[in-house]
Amino acid sequence: MAPHADSPVDDGESLPAPPRPAMSANPPRLLIIGAGSRGNAYARATAESTNGIIVAVAEPIAYKRKQLGEKYIWGKAGPTDGQGFEDWRAFLEWELERRAKASRGEEVPAGVDGAFVCVLDEQHKEVIVGLAPLGLHIMCEKPLATTLDDCVSIYKALLPSLPNTTPSRIFSIGHVLRYSPHNMLLRKLLLEDKIIGEILSINHTEPVGWWHFTHSYVRGNWRRESTTAPSLLTKSCHDIDVLLWLLCSPPPNTPRPAHIPTTVTSVGSLQYFNKTRKPTAAGNATNCLSCPIETYCKYSAKKIYLGSELEGLGSGNTHWPVHIVVPEIEECISMSGPSAGEAAIMKRLEENYTQDTPDSEIAAKNWFGRCVYEADNDVCDEQVVTMSWDNDPLPKVNDDNEKALAGRGAKTAVFHMVAHTKKICDRYTNIYGSDGEIYADSTTITVEDFNTGTKKIYRPFIAKGGHGGGDDGLARQFILAVDAVKNHGSTVEEAQRVHVGCSLEEVIRSHAMVFAAEQARLGKKVLDFPEWWTQNVEASLAKF
């Protein structure tokens, strides 16, 4: 090995938590649509980290509606008029009637200012378009929709006066990676402080986690493209978004246009979770509970959901992923004891299907006890996306080439989504610049300076909740924007820019990049992204 010298280390700085915003006299009132794990995540984040209040929930499953309502809205007293709805349509009907009564001078309960849309991905379009006439501020969980046409339909519904892109209401998307303290500092260091000079390339990895992938993408909700979407969209659209946020979107408070990627290509497949990889000793078993190798198979559903080694019931955990298998697990245990909880999980894991089961029935539910090599999954468990940018200088001022090309030089981004990792969604990124390099691992940011030979480590505040504090950060910024419009005289456009920091066009662009990458993967091509945008997004908009 050649001799080398380590860089001197400056142990950097630990950054404090952002303060909770002050509550206005008339705080923003929010509705949760969909009381699953993401709806509960945003309800918790709103209660703990924002200056808004959750006042209503719409959820078809009575137990989930009651659970979220008791925890964040009505306590043990039970719901009053306008607090609980069976679905978003019931809320829409109630709200239209409430407004009609108000217009007649009748006394009515207060309405809501905005909504968190946390229903299944494929239902996002109908909810957002259906609620559009109400003019509510919307935060939609990612992805925006499961097809490009649906994304464009939402874009048009929210901006009906296109090409005028001035928004009439706040809109945010669940790209929580933008809002974690870690990534907000990373972007500041890169784009505002220019701490490594001009960015030349990024390698970004999302390690999904070997058993997490089986839970969500082999046995769970997002396992089939036909019922949801490709895993690049359902799992990693906010990774593509954060790369575009760093490399495409201009720095804060600058009028510069976006630096649009030139090409995109992708490779990937369902490499492992299929019948070709099934251990011979497993024989014809299709369910873990009848499998002869269950006791030593690491994918055993009993180990994952009942055991103590991972995050099963045996570890004392009654939250994700256990409550995804049995949503009422906490109530079951509190009423009848731990053995009842185990029995409830075992009952779910026993569920199975045969060759004679109609595909529509198989696709309609999750099968958490199914053998991971015999499931009906078809989404990629391994995928790489490569994006490239060409030099795109702004008009020169005083013949200054350096300023004209600042932040707009040629560069490359490589994204890797991989299932088989020990880490679970703890992303890590290598960024290479003209004056240094950065390694960021979701908790620290390590900067190597080529000019001084020094190393500095930053330790941003790691908030509780999901995505390194991104859930809380997103909820805080969305509600701050709503509050600015409602109580502080801000225009929607200003509040969107200052607090949300992401335009609807950016939302569409990052989703479009995912769809383009999938088209490139399936066609084994390198796509010209601006040309693809014209042919697919602009052409689709022209149809409306």
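Arg104 is exposed, at 51% relative accessibility. That value clears the line because exposed means over 50%. The side chain of Arg104 meets that of Glu97 in a salt bridge, 3.7 Å from N to O. Glu97 is partly exposed, with a relative accessible area of 38%. The model is predicted, and every value here is computed from it.

**Salt bridges**

A search of the whole structure finds 31 salt bridges. Side chains of opposite charge can pair when their charged atoms come close. Three of these bridges are set out below.

| Salt bridge | N to O distance |
|---|---|
| Arg104 and Glu97 | 3.7 Å |
| Arg224 and Asp359 | 2.9 Å |
| Asp392 and Arg408 | 2.8 Å |

Take Arg224 and Asp359, whose side chains meet at 2.9 Å. Arg224 sits in the loop between α7 (210–218) and α8 (231–234), while Asp359 belongs to helix α14 (residues 359–363), so the bridge ties together parts that are 135 residues apart in sequence. Is Arg224 buried or exposed? Arg224 counts as buried, at 9% relative accessibility.

Asp392 and Arg408 form a salt bridge at 2.8 Å, N to O. Asp392 lies in the loop between β10 (382–389) and α15 (401–405), and Arg408 in the loop between α15 and β11 (411–418), so this pair ties together parts that are 16 residues apart in sequence. Arg408 is buried, at 5% relative accessibility. Asp392 is partly exposed, at 32%.

Salt bridges also join into a network. Glu206, Lys235, Asp239 and Arg427 are linked in this way.

**Aromatic rings**

The structure holds 18 aromatic pairs. One of them joins Tyr217 and Trp222. Their ring centres are 6.3 Å apart and their planes are at 40°, which makes the pair tilted. Tyr217 is buried, with a relative accessible area of 4%. Trp222 is partly exposed, at 26% relative accessibility.

Why is the pair of Phe273 and Tyr299 edge-to-face? The ring centres of Phe273 and Tyr299 are 5.4 Å apart and the planes stand at 80°, so the pair is edge-to-face; the cut-off for that class is over 60 degrees. Phe273 and Tyr299 both lie in the loop between β9 (263–269) and α10 (301–306), so their contact ties together parts that are 26 residues apart in sequence. Both residues are buried.

The members are Trp210, Phe213, Tyr217, Trp222, Tyr272, Phe273, Tyr299 and Tyr373.

**Charges over rings**

Two lysines lie over tryptophan faces. Lys365 is over the face of Trp367, at 4.7 Å from the ring centre. Lys411 is over the face of Trp389, at 5.8 Å from the ring centre.

**The open sheet**

In what order do the 6 strands of the open sheet run? The order is β4-β3-β2-β5-β6-β7, and the pairing is parallel. β4 (84–85) and β7 (171–173) stand at the edges, each with a single partner strand, so one side of each has no neighbour in the sheet.

Inside that order, β2 (residues 29–33) pairs with β5 (residues 114–117). Their pairing is parallel and spans 4 bridges. Within it, Leu31 stands opposite Ala115 in β5.

Terms used: Residues are numbered from 1 along each chain as its sequence is written. This is a predicted model: local features need pLDDT of at least 70, side-chain atom pairs count only at pLDDT 80 or more; totals for chains, interfaces and linings use all residues. Side-chain values use heavy atoms; hydrogens and water are left out. Rings of Phe, Tyr and Trp (its six-membered ring) pair if their centres lie within 6.5 Å; planes under 30 degrees apart count as stacked, over 60 as edge-to-face and the rest as tilted. Buried means under 20% relative accessible area, exposed over 50%, partly exposed in between (1.4 Å probe, protein chains only). Helices (H or I, at least four residues) and strands (E, at least two) are DSSP runs, numbered from the N terminus. A charge sits over a ring if NZ of Lys or CZ of Arg is within 6 Å of the ring centre and within 35 degrees of the ring normal. A salt bridge is a side-chain nitrogen of Lys or Arg within 4 Å of a carboxyl oxygen of Asp or Glu. Two strands pair if DSSP finds at least two bridges between them.
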